[in-house]
Structures are given as structure tokens and as C-alpha cells.
Amino acid sequence: MTQQNVTVAVTGAGGTGVAKALLASLQRDDRVGHVNLLVSANGRKLVAFEFQTGEDPDSVVQALEATSTKVRFLDPADMSGPVTSGSYPTDAMIILPCAAGVLGRIAHGQTESLIERAADVMLKQRRKLVLCLREAPLNLIHLRNMVAVTEAGATVYPMIPTYYNVPETLAQLRDEFVERVLQFLGLPGTDRYQWDGTDTTARRERTQAR
């Protein structure tokens, strides 16, 4: 089995706990051989705020529990990182959460950090780029940037939960969103949320428990 090489970027928007859950799934998935992790300066601020920890790289890695040997932490300020080149094999890149400013820079080819450069490489190499935008409400600039990146080949996957599985906790909302993203990438971890025409396993479990 050929293992996938995945890049995960965390930027300055709320919801870094969802990134932590995504990283946990990727680390325990035998189909994933390597994860490159990039956290922007503002992303580190959000991790520190949401997890009550320091902003230094070591504290951020510990807070996100990205401690598996398959994870490599890359400095977004280092433009010589491997993901800067199309010759480096990457199967997918997920930016979660994706700040509106990062979306805008990607839409206009402005590579101010290794995160935008890595995204630019994914587009030019016609590889999977998933932008989990965390912004509301959306103004016209946001919408036009979303159109631009979609036309360039990316997928805008906003951090919007579903409700038909009757989630009762934030953790349930988080875990289902992560699973939906992983399914989209071809790395499903469960079929509990799959609609069978009448219901889902998760919904049945939760409604029967009431």
C-alpha cells in the first residue's frame, strides 16, 4: 500500500481544536505516511489562546498533540522548506482553519509565507488543496476570492457543521467535520455519518439514546 504524504496548515482563525482532531486522525491512519505541519504566526496566537499555552513552536506542537514521528513541523517563514517545490511529492494539503486573508493571498498568488507557497504549488501541480475557511458573514471580496481559488483548482470547504446527525456536543460537531474532510480526501475513518437513504448510524445512536 502506497502511503499518502499530507500537508496541514493552521492559520489565524478560530477553531484550532478541529485541526488538532484532524492531526490525530492523520497520525493514527496507516494510509498516511507523512504529515508536514505548518502553523502561521497568527495561528500560533490562536492555538495559545484556545489551549491556554505558549506561542513558541514546541508549545504549539504539544497543544495540537502532533507528536507522532510521522509529523514534521515546518517553519512558515522558511521558504526553503520541501513543500516549496513541485518536485516534492504531496498528495493533499488542508488549511484548517483557513483565515480569509490567507484565502485572499492564495487567490492572488501572493506567497508571503511557506503556507501560501505550498498552496500555490498544489494549484500549479494540479493536486488536492482544501481550504477550510472560518469566516462569517462573507463580504463580496471573500466570495470573489473563493471563486478565484475554485477556478484555479482548490476546494473551499467552510467550517460549517451539519445538524441532521443531531450532535449534542462541540466534540461531536468537530469529529463529524473532520470525518467529512477526510472522506473528501479519500481517507474515510468511519461510515457512521454516511446517509443510507433514510438515516445515518450516528443519528440512530443519538436519537435512540434519548
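A residue is called buried when its relative accessible area is under 20%, exposed when this is over 50%, and partly exposed in between, as found with a 1.4 Å probe on protein chains only. Helices (H or I, at least four residues) and strands (E, at least two) are DSSP runs, numbered from the N terminus. The structure is a predicted model, in which local features need pLDDT of at least 70 and side-chain atom pairs count only at pLDDT 80 or more, while totals for chains, interfaces and linings use all residues. Residues are numbered from 1 along each chain as its sequence is written, and side-chain values use heavy atoms, with hydrogens and water left out.

In helix 4 (residues 100-107), the buried residues are Ala100, Val102, Leu103, Gly104 and Ile106. Their cover, judged by contact (heavy atoms within 4.5 Å), includes strand 4 (92-98), helix 5 (114-124), strand 5 (128-133) and helix 6 (140-152). Just after helix 4, glycine 109 adopts a positive phi of about 65°.

A nonpolar core is a set of buried Ala, Val, Leu, Ile, Met, Phe, Trp, Tyr and Cys residues joined through side-chain atoms within 4.5 Å. The largest such core has 33 residues, and those with the most contacts inside it are Val8, Leu26, Leu37, Ile94, Leu96 and Cys132. Helix 1 gives the most to this core, with six residues.

Glutamine 27 also belongs to helix 1 (residues 16-28), and it counts as buried because its relative accessibility is 15%. Residues touched by glutamine 27, not counting those up to four places away in sequence, are Glu65, Ala66, Thr67, Ser68, Lys70 and Val71.
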